[in-house]
Amino acid sequence: MSATRALAAAGGHDDHEPEGDEPWRDLMEHARRAARRLVDAGEVEVLQQGRVVDPSTAMGPIRIRRLRKGLPTPE
C-alpha cells in the first residue's frame, strides 16, 4: 500500500501511526525514504511531538500528515 493510500485509509484522519507489535519495523527506513520524497513533493509533512521536523534528521517515531492543498501549514 502506498503512503498516500495508507493516509487515506486512516479513517479520515490526516496522519497515520502503526499500532501494536507488527512487522512494520523492518520497513521503517523504506517508509522514511518515502516520507522524504513526499515532503519534497509538497504532499505531506513529518511531525514529532506535534511539531513539523526535517525528515532527514528526525530520530525516533515520526508522524506523517497529509497537506491540504491551498491551506496554510499549521505551526
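**View 1. Strands β2 and β3 run antiparallel, with 3 bridges joining them.** This is a predicted model, in which local features need pLDDT of at least 70, side-chain atom pairs count only at pLDDT 80 or more, and totals for chains, interfaces and linings use all residues. Residues are numbered from 1 along each chain as its sequence is written, and side-chain values use heavy atoms, leaving out hydrogens and water. Strands are DSSP runs of E with at least two residues, numbered from the N terminus, and two of them pair if DSSP finds at least two bridges between them. Look for Leu 47, whose bridge partner in β3 is Val 52.

**View 2. On to β4: 4 bridges join β2 to this strand (residues 63–66), and the two run antiparallel.** Here Val 44 sits opposite Arg 66 of β4.

**View 3. What do the side chains of β2 do?** Val 44, Val 46 and Gln 48 point one way, Glu 45 and Leu 47 the other, and all are buried (under 20% relative accessible area, with a 1.4 Å probe and protein chains only). In a regular strand, side chains alternate between the two faces of the sheet. With 5 of its 5 residues buried, β2 is largely enclosed by the rest of the structure.

**View 4. Gln 49 is in the loop between β2 (44–48) and β3 (51–53).** That hairpin has 2 residues between the strands, and Gln 49 takes a positive phi near 55°. Most residues other than glycine have a negative phi. Gln 49 counts as exposed (over 50%) because its relative accessibility is 74%.
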